[in-house]
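Please walk through the structure shown below, beginning with a helix and its surroundings, then turning to the ligand, the strands and finally some backbone details.

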Amino acid sequence: SLIVISSPQVEKKNQLLKEGSFVGYEDPVRTKLALDEDNRPKIGLWSVLKSMVGQDLTKLTLPVSFNEPTSLLQRVSEDIEYSHILDQAATFEDSSLRMLYVAAFTASMYASTTNRVSKPFNPLLGETFEYARTDGQYRFFTEQVSHHPPISATWTESPKWDFYGECNVDSSFNGRTFAVQHLGLWYITIRPDHNISVPEETYSWKKPNNTVIGILMGKPQVDNSGDVKVTNHTTGDYCMLHYKAHGWTSAGAYEVRGEVFNKDDKKLWVLGGHWNDSIYGKKVTARGGELTLDRIKTANSATGGPKLDGSKFLIWKANERPSVPFNLTSFALTLNALPPHLIPYLAPTDSRLRPDQRAMENGEYDKAAAEKHRVEVKQRAAKKEREQKGEEYRPKWFVQEEHPVTKSLYWKFNGEYWNKRKNHDFKDCADIF
Ligand code: ERG
């Protein structure tokens, strides 16, 4: 059969290659840390949190052993672990199927939250993180554009899709749970393979809440809950997703269900499953559209594609978790690596170069605490200097603008990072570490 490669996809691919996005990423990805075992002191979360009621993520002064060796910038890049779902979405001619897969992608990012009750490092103002994969054909970039409130602007590009938005969270410990509310709007652009009517389409949504529950009982875990509407602004299709809150018992835990509608509010697909495991889809037919959520133990993760006869099909399956320190996923494990070919290309502001986080990764907790204090003092001094000079802080790689489709404010990538990186032109980056 004829393979259709749309020109917007080709244009994007050529741009990524021309800007040398994958140069430096030739080394194989890391599969373990230098540390074999996570030997952090085991202190109950409650015993340190109880005096911090009302505090948010930036004000919590937890011992560094409550951290994991990732920065929030790297933690946010984990959203794209299952970006192959977006590549698959772009292959469908039917926009409601693209919606179904895009919606499943927005839920797949929560698989990384299981067994990860640690605090990522608060990014310093101006800190950046880049990540590219030749196998996924994407490049990810993020910058901490604001310190109070903490906002990370992110921008990912791949031939068939873009994924961007701001991680802007309101967080607070209420004495029982630690609640994280996402304020930022997130966007996906899909460039469909069959682009006869739409060369490019825009989706947006707001992420559900993350809550650390079980703190008092000494069994803390991350729960994700709430209603999410994913909208395709170009076609009018939409998906309503419901993440069920973890109750007193584990019945219904991790459950997510959703329904895909076209612009005329006709229900076309249902989806559901468990965000820590797998998500299934089902076409709504004359026989109905109920989806049973019993866990099917699938031997492999082959999804096989959608079924049009009304039977249930697998859309996404979470990767196996490796047994490594800090309960990192196989994807998270790769983020802070410093492969030899990459080092000469990194911006001096890249999270991988943060000395406190590096010490943490190597199990040197006292050094990590001391370095964390040092870089935070340095950040405050820089702020004071700006204030004395009457200077206003401006992010280096993003500008805030009105979004052409949603009319909301968003952080737009200024497009300069990868070109400068290619030419090793980072001389005017701030010294933040
Ligand atoms: C979830 C997936 C989203 C991006 C995102 C942003 C921020 C967080 C969540 C994710 C996961 C849970 C995190 C949260 C910020 C803080 C919270 C990492 C990654 C952690 C578990 C809370 C730690 C506190 C406790 C140790 C008390 C401080 O797309």
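A residue is called buried when its relative accessible area is under 20%, exposed when it is over 50%, and partly exposed in between, with a 1.4 Å probe and the protein chains only. Helices (H or I, at least four residues) and strands (E, at least two) are DSSP runs, numbered from the N terminus. This is a predicted model, in which local features need pLDDT of at least 70 and side-chain atom pairs count only at pLDDT 80 or more, while totals for chains, interfaces and linings use all residues. Residues are numbered from 1 along each chain as its sequence is written, and side-chain values use heavy atoms, with hydrogens and water left out.

Helix α5 covers residues 95-108, and because 14 of its 14 residues are buried, the helix is largely enclosed by the rest of the structure. The expected span of a helix is 1.5 Å times one less than its number of residues; for the 14 residues of α5 this gives 20 Å, which agrees with the 20 Å between its end C-alpha atoms. The N-terminal end of α5 is capped by Asp94, from which a side-chain oxygen lies 2.8 Å from the backbone nitrogen of Ser96. That distance can be read against the definition of a polar contact, a pair of N or O atoms within 3.5 Å, where within protein one must be able to donate a hydrogen and the other to accept it, and residues adjacent in sequence count only if both atoms are side-chain atoms.

Although Met109 and Ala318 are 209 residues apart in sequence, their C-alpha atoms are 9.5 Å apart in space. The loop between α5 and β2 also holds Asn115, which is exposed, with a relative accessible area of 58%.

Which residues are closest to the ligand? They are Leu60, Arg75, Asp79, Lys207 and Asn210, among the 18 residues that surround the ligand, where a residue counts as near a molecule if one of its heavy atoms lies within 4 Å of it. Two of these residues can be described by their polar atoms: a polar side-chain atom of Asp79 lies 2.7 Å from an oxygen atom of the ligand, and an N or O atom in the side chain of Lys207 is 2.8 Å from an oxygen atom of the ligand. Taken alone the ligand exposes 620 Å², of which the protein buries 99%; such accessible areas come from the Shrake-Rupley method with a 1.4 Å probe, and for residues only the protein chains shown count as cover.

Turning to the strands, two of them pair if DSSP finds at least two bridges between them. Strand β11 (residues 221-232) pairs with strand β12 (residues 238-243) in the antiparallel sense over 6 bridges, and in this pairing Thr231 stands opposite Tyr238 of β12. The two strands β11 and β12 form a hairpin with 5 residues between them, and Gly236 in the turn has a positive phi of about 90°. Strand β12 is also joined by 6 bridges to strand β13 (residues 255-261), with which it runs antiparallel, and here Tyr243 stands opposite Val256 of β13.

Another antiparallel pair consists of strand β15 (residues 278-283) and β16, joined by 4 bridges, in which the bridge partner of Tyr280 is Leu314 of β16. Because 5 of the 5 residues of strand β16 (residues 313-317) are buried, this strand is largely enclosed by the rest of the structure.

Some backbone details remain. Most residues other than glycine have a negative phi, and most peptide bonds are trans. Against that background, a cis peptide bond joins His148 and Pro149, with omega of about 0°, and Pro149 is found in the loop between β4 (138-146) and β5 (151-158). Asn115 has a positive phi near 60°, and Asn327, which is not a glycine, has a positive phi of about 55°. Asn327 is placed in the loop between β16 and α6 (332-335), and at 38% relative accessibility Asn327 counts as partly exposed.
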